[in-house]
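Visitor: I'd like to go through this model with you. Can we start with what the terms stand for?

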Amino acid sequence: MSAQFPPFRVLFSRDQILRRAQELARSITAATQPEPPMLVAVIEGARPFARLIQQLVPGSLPVHEVRASSYAGTQSTGTVQITLGKDLPVSGRHVLLLEDIVDTGRTIHALQKHFLGAGASTCRVASLLSKPSRRVVDVTIDYLGFDIPDEFVLGCGMDLDGRYRELPDIVIYEADVERAFVARSGAGSTVR
Ligand code: IMP
């Protein structure tokens, strides 16, 4: 990992992520013939994953964006708000939601409910990660990258209050590691 970031433990390297994304894209392609899905990325976090899937699935499909928010820092607040993409033209379309991580399941559940209510024929889910032990709402992930334990992870689009999104690997957040790194590098202003 680059020395511009704290030395968090790597859970999945960039190579592992790329390989798994290729496998998922192959499954998505095989399952969605002949009608390509409408790709809808849950931003901000899923943008890098969505870009990978877009590049790997044939047809140069556009990626639409929806924003749903339920997190403050490392805590899920329990209430999901859809703040962008509510009016996407999903009627009669096979929507494929692209998500970075399914945690309690509330975000995906709320989005599926919304898009099916808006007339989508189907609303399936591809997620890079899932934390099954944290599930509060039962959701089906049709295309899953990796199950992970109950840890707060960062990188490949996933952030902590805007930090570490651009890390290429997926790492486990540890406050102590971050504090020690900040103390060493004198970059105290970015950590609360
Ligand atoms: P859910 O509604 O609880 O399933 O939460 C899903 C959203 O929470 C994801 O799209 C992420 O934005 C955020 N989230 C959940 N766990 C993590 C994590 O470990 N790291 C970063 N973001 C997370």
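Guide: Contact means heavy atoms within 4.5 Å. This is a predicted model, where local features need pLDDT of at least 70, side-chain atom pairs count only at pLDDT 80 or more, and totals for chains, interfaces and linings use all residues. Residues are numbered from 1 along each chain as its sequence is written, and side-chain values use heavy atoms, with hydrogens and water left out.

Visitor: Leaving aside neighbours within four places in sequence, what is L98 in contact with?

Guide: L39, V40, A41, V42, A46, F49, A50, I53 and A126.

Visitor: Which residues touch the most other members of the largest nonpolar core?

Guide: I53, L98, L129, V153 and I170, out of 29 residues. Such a core is a set of buried Ala, Val, Leu, Ile, Met, Phe, Trp, Tyr and Cys residues joined through side-chain atoms within 4.5 Å; buried means under 20% relative accessible area (1.4 Å probe, protein chains only).

Visitor: Switching to the ligand, how many residues surround it?

Guide: 18, and the closest are D103, T104, G105, T107 and V153.

Visitor: What is the distance from a ligand nitrogen to V153?

Guide: A nitrogen atom of the ligand is 2.7 Å from a polar backbone atom of V153. On the side-chain part, ligand oxygen atoms lie 3.1 Å from an N or O atom of E99 and 2.9 Å from one of D100.

Visitor: How much of the ligand does the protein bury?

Guide: 91% of the 490 Å² that the ligand exposes taken alone, by the Shrake-Rupley method with a 1.4 Å probe.

Technical notes. A residue is near a molecule or strand if one of its heavy atoms lies within 4 Å of it. A polar contact is a pair of N or O atoms within 3.5 Å; within protein, one must be able to donate a hydrogen and the other to accept it, and residues adjacent in sequence count only if both atoms are side-chain atoms. Buried means under 20% relative accessible area, exposed over 50%, partly exposed in between (1.4 Å probe, protein chains only).
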